[in-house]
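We will walk through a few stops together, one selection at a time.

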Amino acid sequence: MDVCFLRWLLFVALTTWTLGDDGQVTFVSELSSRPAQKLSKYGWYANVRLQRFHIPEETAIAYWLFSVKKGHSFNCGQHNVSIHIRWGAPPVINPTETVFPNSTLWHPSLSLTLPVTSQSSTTFNLSDPAPGDWFVAAHLPEDDGRIEQKGFPSCSYYFQPQLSVRRAVDTPVLQQGTFLTQTAAPDRPARLKLFVPEFASSLSVSVAECSSGEAAEGRNCSLLLRLGSASLQHSQATVNCSGSSCSASFSNPPWDTWLRVVVETSQVNQTVTFRIVSNYTVACKPKSVGLNADDDITRLLGKSSVSNSTSTGNSSGAPASVTSNGSEALIPQLSACVWSIPMLYEELDVLSLRFTPANGSNISITDTQPTLLTFPLPTQATGGTLNLQLTLNSTNATLGNNRIVACFSPWAPVLVLNHSEPCRTGNPADCIQSVTCSIHSSWMSM
């Protein structure tokens, strides 16, 4: 008789169900830990001990505990352990003060220093952290190059990170154009969330009919409206509401994502009641291409004839849709906001990806609408390097005193240029970054 072995997996988590502080939201606590790792002196990035933590959606607070323990009993003096924290990708650290190549955009991570004698620990907490993967890296000071004799005891240190989160499980949802009645107290803020669809061009959140329950102060609630999540480089967008109503408006909100809304009050020993509503405008939705995807594949097969094509932009025209030999190319999608260029995503090998415009490397731009190119990065690309190269072909265009501005940003495109800050998105989402690239020479890379 065949014996069937069934493997059972037991997942054990510290989960405490508690009633929300404000009676509107229920919170749960979760604790995660990573095994202790022996630290190394820093010589290059491979000497770093890297750990990854996942913070769930709707986490109200994240609390890290970092512990360092000596692995011996003899005296080695005091050493400082460097700890780096970053959301979304491994930390970019530079203990040796290496010079990065020109036109390289990078952001330093949050760094902590933990002096170690025999056993030490430190904590770090963050309110309303951005959901997703957070990375923690640790290492000893830079290697001084001294050679230790084999067989002699050496100083060893072990690093262990732990994370505790408190997250909401039933956050009220703000529906488009629908008012919700909420309450907030000094130690019990109102927490909500709203979904921003793809192609949204603007977003507003309004608070109205604020009342603290007393006639003398019923028209002045002193509310603080916060939108978005917090990463270590970017905080939530905040708006002070000094009267009975206020509104926060943003252009270019993050597409296809949930956005947190937190309303706080500074009224002492008083519960404030208010109504809140959200509205967004989907003005960048392109026209439908239908379901005949085989047409795109057929046109894509002729891509080799497109690579040498050039097209000339003008002040009122659209990007060309015909190649140099007369064959039809993939037509860019026109919306009320942008020309969207179809992109070809190629996996060159396990570690390399390449994005190229499906019509060929030559694209046209106009001064009537911006041109949008989208680079969808998969999860396995986390921690890599994204290289962008733009080449200006000025032989077929008369630029005069004009300039070309390229804005590179995650989550949402820059749809409207501000002359003082050309690549500002006004976006309350985390890690919204942009780069202004004025092309004065023949090529540019970043």
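Start by selecting Arg260, which counts as buried at 10% relative accessibility (buried means under 20% relative accessible area, exposed over 50%, partly exposed in between, with a 1.4 Å probe and protein chains only). Before moving on, note that this is a predicted model, where local features need pLDDT of at least 70, side-chain atom pairs count only at pLDDT 80 or more, and totals for chains, interfaces and linings use all residues. Residues are numbered from 1 along each chain as its sequence is written, and side-chain values use heavy atoms, with hydrogens and water left out.

Next, select Glu30 and Arg167: their side chains form another salt bridge, at 2.9 Å, N to O. Glu30 is partly exposed at 23% relative accessibility, and Arg167 is partly exposed at 21%.

For the next stop, pick Asp187 and Arg188. Their closest N and O atoms are 3.4 Å apart, in a salt bridge. Is Asp187 buried or exposed? Asp187 is exposed, with a relative accessible area of 54%, while Arg188 is partly exposed at 27%.

Finally, colour Asp128, Arg191, Arg226, Arg260 and Glu264: salt bridges that share partners join these residues into one network.

How values were computed: A salt bridge is a side-chain nitrogen of Lys or Arg within 4 Å of a carboxyl oxygen of Asp or Glu.
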